[in-house]
Amino acid sequence: MKQVTTLGQFIIEKQNDFPYAKGELSRLLRDIGIAAKIVNREVNKAGLVDILGDQGATNVQGENQKKLDVYANEQFIAALSSGGECCIVASEENDDMVRIDSEVSKNAKYIVAIDPLDGSSNIDCNVAVGTIFSIYRRITKNGLPTLEDVLQKGTNQVAAGYIIYGSSTMLVYTTGKGVNGFTLDPSIGEFCLSHPNLKIPEDGTIYSINEGNYVHFPDGVKQYIKYCQVEDKATLRPYTSRYIGSMVADIHRSIIKGGVFIYPTTSSAPNGKLRLMYECNPMAFIIEQAGGKASDGFNRILDLEVDSLHQRSAIFIGSEHMVLKAEEFMKAHSAGQANGVVASKKSVA
Ligand code: AHG
Ligand code: MN
Ligand code: MN
């Protein structure tokens, strides 16, 4: 019988890749894995129990919060608090960073940024949702950790991952030495290594974007979409369009099959919609580690300066050749509309 490697075993084995590791990061990853299983249990029975529907509150971005967002947020924060390895959690669901003040945690080394439930509008219709996390080392040496510890560039990430609660539940993560995927075997309650050393195809034939917003896109994106739709046998065009509306699920598909996922700036969201700290940066780290590329249309996502917890960014992410081609169109048709620059009238006409 083939030997299975569980997430716990794998994390311990990989600790040897980091000769000075004291096991803190391993414990942190293990805690995230445990919280993921608890959230998975709730997501799976979302249709059965009275947990569906709006919580009534709105989160910091002014969006309706679903009950499962709140539940997932509580579970991850609880797991990270009791683990003792994390001193601050920055979550989509909390306006401010959450300091973990317990005796064991307040001097802990790590900061976690998290989107506890990604794609929450998909819960009610049984479509895949996810969790995204990003881990940084604390910068300040003494006293209480500060916002400076949190607002670090994507290149400083020591680990990042996502969980996809889909037709099966998977946890995919990187510590900067490749990407590995684990599938939850519900019969034994363990994540088992199923996708070792994941690599994204260099090229693909699937583009993924909310085309309903076409009229609001920068010209470069409009032209790239046209390019995807033109017939050309040599490049297997026209490409296929797929858009789930859960970033985790759209990007997971891109890793497995190849493709590009784009959430550009729009005239109504001039800085983009997706959040840099807990959506774009962790996904960019994972994709780069899988051999792909992630940019805001002009600049590498991981190099972007971070000024605030809930900062947004445009994102073009996926197979290297597809992202490069989309960037060519941005350069040719939307130069001057980089992140943070409001799209000109011309570009949204
Ligand atoms: P969240 O549920 O965490 O707010 O994230 C939703 C995000 C992302 O997962 C998805 O790709 C995107 O929003 C969909 O946005 P549109 O509905 O505007 O296409
Ligand atoms: Mn999200
Ligand atoms: Mn979310």
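1. Start with helix α6 (residues 247-257). Of its 11 residues, 9 are buried, so the helix is largely enclosed by the rest of the structure. Buried means under 20% relative accessible area, exposed over 50%, and partly exposed in between, with a 1.4 Å probe and protein chains only. Helices (H or I, at least four residues) and strands (E, at least two) are DSSP runs, numbered from the N terminus. The buried residues of α6 are M247, V248, A249, D250, I251, H252, R253, S254 and I255. Just after α6, G258 takes a positive phi of about 90°.

2. Ground rules for reading the values. This is a predicted model, in which local features need pLDDT of at least 70 and side-chain atom pairs count only at pLDDT 80 or more, while totals for chains, interfaces and linings use all residues. Residues are numbered from 1 along each chain as its sequence is written, chains are lettered from A and ligands numbered from 1 in the order in which they are written, and side-chain values use heavy atoms, with hydrogens and water left out.

3. Which residues come nearest to ligand 1? They are D118, G119, N210, Y243 and Y263, out of 18 residues around the ligand. A residue is near a molecule or strand if one of its heavy atoms lies within 4 Å of it. By class, the shell has 6 nonpolar, 5 polar and 7 charged residues. Here Ala, Val, Leu, Ile, Met, Phe, Trp, Tyr, Cys and Pro count as nonpolar, Asp, Glu, Lys and Arg as charged, and the others, Gly among them, as polar.

4. Where does the shell around ligand 1 come from? Strands β5 (110-118), β13 (260-263) and β14 (274-275) each supply at least two of its residues. The largest share, 3 residues, comes from β5. Domain 1 (7-195) and domain 2 (206-347) both give residues to this shell, so ligand 1 lies between them. The domain bounds come from an automatic or database domain assignment.

5. Polar contacts of ligand 1. A polar contact is a pair of N or O atoms within 3.5 Å; within protein, one must be able to donate a hydrogen and the other to accept it, and residues adjacent in sequence count only if both atoms are side-chain atoms. An N or O atom in the side chain of Y263 is 2.5 Å from an oxygen atom of ligand 1. A polar backbone atom of M247 is 2.8 Å from a ligand oxygen. For a polar side-chain atom of E279, the distance to a ligand oxygen is 3.5 Å. Taken alone, ligand 1 exposes 480 Å², and the protein buries 85% of that. Accessible areas come from the Shrake-Rupley method with a 1.4 Å probe; for residues, only the protein chains shown count as cover.

6. The manganese ion (ligand 2). Its protein donors are D115 (OD), D118 (OD) and E279 (OE), at 1.9 to 2.1 Å. Donors are N, O and S atoms within 2.8 Å of the metal (3.2 Å for Na, K and Ca); water is not among the atoms, so sites may look incomplete. In sequence the donor residues are spaced D-x2-D-x160-E. D118 lies in strand β5 and E279 in helix α7 (residues 276-289), so the pair ties together parts that are 161 residues apart in sequence. Both D118 and E279 are buried.

7. The manganese ion (ligand 3). E92 (OE), D115 (OD) and L117 (O) are its protein donors, lying 2.1 to 2.3 Å from the ion. Their spacing along the chain is E-x22-D-x1-L. The two manganese ions, ligand 3 and ligand 2, are 3.7 Å apart, and D115 coordinates both. D115 is buried at 0% relative accessible area. L117 is buried too, at 1%.

8. Backbone geometry to check. Most residues other than glycine have a negative phi, and most peptide bonds are trans. A cis peptide bond joins R237 and P238, with omega about 5°. P238 sits in the loop between α5 (219-229) and β12 (240-241). L236 lies in the loop between α5 and β12. Although not a glycine, L236 has a positive phi of about 60°, and at 58% relative accessibility it counts as exposed.

9. One further non-glycine case. N126 has a positive phi of about 60°. Its place is the loop between β5 and β6 (129-137). N126 is exposed, with a relative accessible area of 76%.
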